[in-house]
Amino acid sequence: MPHHFFIYGPPGSGKSTLGRALAEQLALPFVDLDARIEQEAGCAVRDIFAAEGEGAFRAREAGQLRRAMAESTESVIALGGGALLDSASRAQAEQAGTVLFLDTPLAVLEARTGAQPGVRPLLAGDGRAARAPLEELLARRAAHYGSFPVRIDGGGDVLADKVAQAQLALGAFHIRGMGRQETAVRVGTGLLASLGGRVRAAAWAGACAVIADAHTEQPYGAAAVESLRQAGLRATLITIPAGEAHKRLETVSTLWQGLLAAGVDRGGTVIAVGGGVVGDLAGFAAATWMRGVRWVGVPTTLLAMVDSSLGGKTAFDLPQGKNLVGAFHPPALVLADTAALQTLPPAERGCGAAEAVKHGVIGDPALLAHFETRSDWDAAAWTPATVARAMAVKVRIIQEDPYERGVRAALNLGHTIGHAVELASDFTLRHGEAVAIGMVAEARLAERLGLAREPGLSGRLARVLAALGLPTEMPPGIDRSAVRRAMLLDKKNESGSVRFALPIRIGEVRTRVAVEPGVALGD
């Protein structure tokens, strides 16, 4: 199950600098291939070239690459500028992970390499064809360098921005701050098959309980069990009824009994395979079983991938309101396998799109613009890169405010009214549909209160959401008094006041705005 992240590009593209910072961000081992070669040889790369020639250096390079890939199952490896010219090395790297190419303008490369004269032997400019200046080297390697599909701009000077770009391109995040438990997040196609290998590589050797619902038991729950068993782990499948109506204490009790029967002890692992309801219930069961055991999220819906699988909020509902009983208990790992979206009904994709739009409103105007410019949002549109982009806003906010004491409350945009409408509909409205209604209603509230600073904000949101097939108005049959009562029981309320996260403009949300329920609904 190896999956390394290889950083590649021409001389001066910043491979080592980015690779080291990315590895630190992802809490992964870092390997600088050129530094390894120099350590083994006891001299600089330029001296190896001078004494042994390029062919001998490439042989050393290939050997070090093989060793680096064998040292761990996941790491960040900064490659030399010609390390993948060898077809065998390239094939091994692409089989073992993802190559991220740093696409860097010539002027930037010239400035960076010029600041370190004599360090790079192929840029020595001594007249030999093999040591051509930078421009000639780039011309010779143009087809090779252009053949790597995963690319980011390596020309910027702000390292933090390039690390963020790299995480999006690679579908890899690491969330810290919620106590001792950190969360590794991976997004890609076909990741479910790697579940067992990842659990084994992490040395989580205890019994595993895979929790799925009636919709995800086949094929995803069964595939998760098979992957775990193939890795030599003990795994049991526990199936619960599907739907928000079953997100209650009785289902949690069933899960506790299932964990007991599966032999899950303090060293065991709970694995949630499904949408938001499965994740909330399995996460809460894990939080409370034996005072807290490790759990892994394998979201199979778009909504769960971009929203509910992140952040460690676990809960179940009471008849009076959603998520009134819960705990912060972050997963150790989230594997978002976008292949699952191919079988997701269009209405369910729309629900996930509502949360992605919310993230665009909160902190990524370009993401919102992406929804406005593309008309076809079928399953193929939700590539790993797009899903990762939709996740990134929440990941960043959770890092900053893990326990919702400040900025994280912005993630409640659309949810104060949305949860109430969802409950008043007796869950005939899907969660994402209710959130879409809530976002438009709360944007109108911001306009009525004079807080909105972007003209036509509610109309813009309504158009985006409607184009995604989502409702933007409360259905006529909804009991508005039931909506008001549900809002008063919202878990975000304090001292009897309803607290809102209201959009001020795209990219800015004001939190903890106290409003009476009747005013919020425009009654």
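The legends below go with several close-up views of a predicted model.

Before you zoom in, two notes on conventions. This is a predicted model, in which local features need pLDDT of at least 70 and side-chain atom pairs count only at pLDDT 80 or more, while totals for chains, interfaces and linings use all residues. Residues are numbered from 1 along each chain as its sequence is written, and side-chain values use heavy atoms, with hydrogens and water left out.

**View 1. The whole protein chain, for orientation.**
The protein chain has 22 helices and 16 strands; these are DSSP runs numbered from the N terminus, with helices being H or I of at least four residues and strands E of at least two. Its radius of gyration is 25 Å, close to the 24 Å that the globule rule gives for 523 residues, so the chain is as compact as a globular protein of that length. Here the radius is taken over C-alpha atoms, and the rule is 2.2 Å times the number of residues to the power 0.38. Along the principal axes, the C-alpha atoms fill a box of roughly 85 × 60 × 40 Å. Of the 523 residues, 55% are buried; buried means under 20% relative accessible area, exposed over 50%, and partly exposed in between, with a 1.4 Å probe and protein chains only. Among contacts with a separation of 6 or more, 75% are between residues 24 or more positions apart, where contact means heavy atoms within 4.5 Å. The 54 positive and 54 negative charges have mean positions 3 Å apart; Lys and Arg count as positive, Asp and Glu as negative, and His and the chain ends are not counted. Each charge is placed at NZ of Lys, CZ of Arg, CG of Asp or CD of Glu.

A search of the whole structure finds 11 aromatic pairs. Rings of Phe, Tyr and Trp (its six-membered ring) pair if their centres lie within 6.5 Å; planes under 30 degrees apart count as stacked, over 60 as edge-to-face and the rest as tilted. One of the pairs is tilted: Phe49 and Phe57 sit 4.8 Å centre to centre, with 40° between the planes. Phe49 is buried at 6% relative accessibility, and Phe57 is buried at 2%. For Phe328 and Tyr403, the ring centres are 5.4 Å apart and the planes lie at 85°, so this pair is edge-to-face. It links distant parts of the chain, with Phe328 in strand β13 (residues 321-328) and Tyr403, 75 residues apart from it, in the loop between α17 (384-400) and α18 (415-424). Phe328 is partly exposed at 35% relative accessible area, and Tyr403 is partly exposed at 29%. Ring pairs also link Tyr8, Phe101, Tyr145 and Phe148 into a cluster.

Most residues other than glycine have a negative phi, and most peptide bonds are trans. Ala203, not a glycine, has a positive phi of about 65°. Ala203 is in the loop between α10 (195-201) and β8 (208-213) and is exposed, with a relative accessible area of 62%. Asn323 also has a positive phi, near 55°, but lies in strand β13 and is buried at 13% relative accessibility. A cis peptide bond joins Gln218 and Pro219, with omega about 5°; Pro219 is in helix α11 (residues 217-230).

**View 2. Phe500 and its neighbours.**
Phe500 lies in strand β15 (residues 498-505) and is buried, at a relative accessible area of 1%. Leaving aside residues up to four places away in sequence, Phe500 touches several residues, among them Thr416, Leu445, Met487, Val513 and Ala520. Gln92 is 408 residues apart from Phe500 along the chain, and their C-alpha atoms are separated by 52 Å.

**View 3. Leu335 and its neighbours.**
Leu335 belongs to strand β14 (residues 333-337) and is buried at 0% relative accessibility. Not counting residues up to four places away in sequence, the residues touched by Leu335 include Arg186, Leu191, Arg198, Val298 and Pro299.

**View 4. Pro455 in a loop.**
Pro455 is found in the loop between α19 (431-448) and α20 (457-467). Pro455 is exposed, at 76% relative accessibility. From Pro455 to Ala443 is 12 residues in sequence and 11 Å in space, C-alpha to C-alpha.
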